[in-house]
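Let's take a walk through a protein model together. Have the picture open while you read.

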Amino acid sequence: MKYLVINGVNLNLTGKRERGVYGAESLEEINASLRKFAAERGHTVDFFQSNVEGELCTAIQNAEGVYDGVVLNAGAYTHYSYALRDAIAAVEVPVVEVHMSNVHAREEFRRNSVLTPVCRGEILGFGKIGYFLALESFWL
Ligand code: DQA
């Protein structure tokens with residue numbers, strides 16, 4: 001099976017920004033571990049990161065018919081992007097929402113996700129492990 005892991009705005013700075021919240025590992029390092037984890041289980045993973053809302057929407061649109069599932073950490077777009085929500089609702093491919101931090105233990109504005117209602121599920125608060133759990137949710 002083939003999966004796409006999408007990271008949104010500011011997640012390219014993982015490992016550099018707010019390390020106490022998001023950890024010290026870079027996105028490239030996390031992605032390399034995810035690729036290995038999936039390959040060991042006979043799966044393929046592709047990766048996409050963008051700070052641009054429309055590019056994230058396009059990536060979700062293009063995932064249809066190509067991938068068996070999408071793992072999405074949309075960053076701050078999670079909290080207000082109706083465009084991203086509509087893109088997820090427009091495709092059949094299942095999308096699992098991930099947040100490294102426990103968004104419910106942080107600022108009030110992070111408690112609401114406009115994406116969760118159109119996602120298959122949500123995993124949050126487990127740091128980078130959330131990405132692995134999200135992938136596993138597709139094949140377990
Ligand atoms: C995040 C949580 C968001 O609130 C924040 O804007 C991010 C990262 C997370 O992974 O915990 O950029 O999605």
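**Around the ligand**

The shell around the ligand is made up of four nonpolar, five polar and two charged residues. Here Ala, Val, Leu, Ile, Met, Phe, Trp, Tyr, Cys and Pro count as nonpolar, Asp, Glu, Lys and Arg as charged, and the others, Gly among them, as polar. Included in that shell are Tyr22, Asn73, His79 and Arg110, each with a heavy atom within 4 Å of the ligand.

Before we go on: this is a predicted model, where local features need pLDDT of at least 70, side-chain atom pairs need 80 or more, and totals for chains, interfaces and linings use all residues. Numbering starts from 1 along each chain as its sequence is written, and side-chain values use heavy atoms, without hydrogens or water.

Now look for polar contacts, meaning N or O atoms paired within 3.5 Å. Ser101 has a polar side-chain atom 2.6 Å from a ligand oxygen, His99 has one at 2.8 Å from a ligand oxygen, and for Arg17 the distance is 2.9 Å. Alone, the ligand exposes 320 Å², and the protein buries 98% of that (Shrake-Rupley method, 1.4 Å probe).

Elsewhere, Tyr3 and Phe138 have ring centres 5.1 Å apart and planes at 15°, so they're stacked (centres within 6.5 Å, planes under 30 degrees apart).

Terms used
A polar contact is a pair of N or O atoms within 3.5 Å; within protein, one must be able to donate a hydrogen and the other to accept it, and residues adjacent in sequence count only if both atoms are side-chain atoms. Rings of Phe, Tyr and Trp (its six-membered ring) pair if their centres lie within 6.5 Å; planes under 30 degrees apart count as stacked, over 60 as edge-to-face and the rest as tilted.
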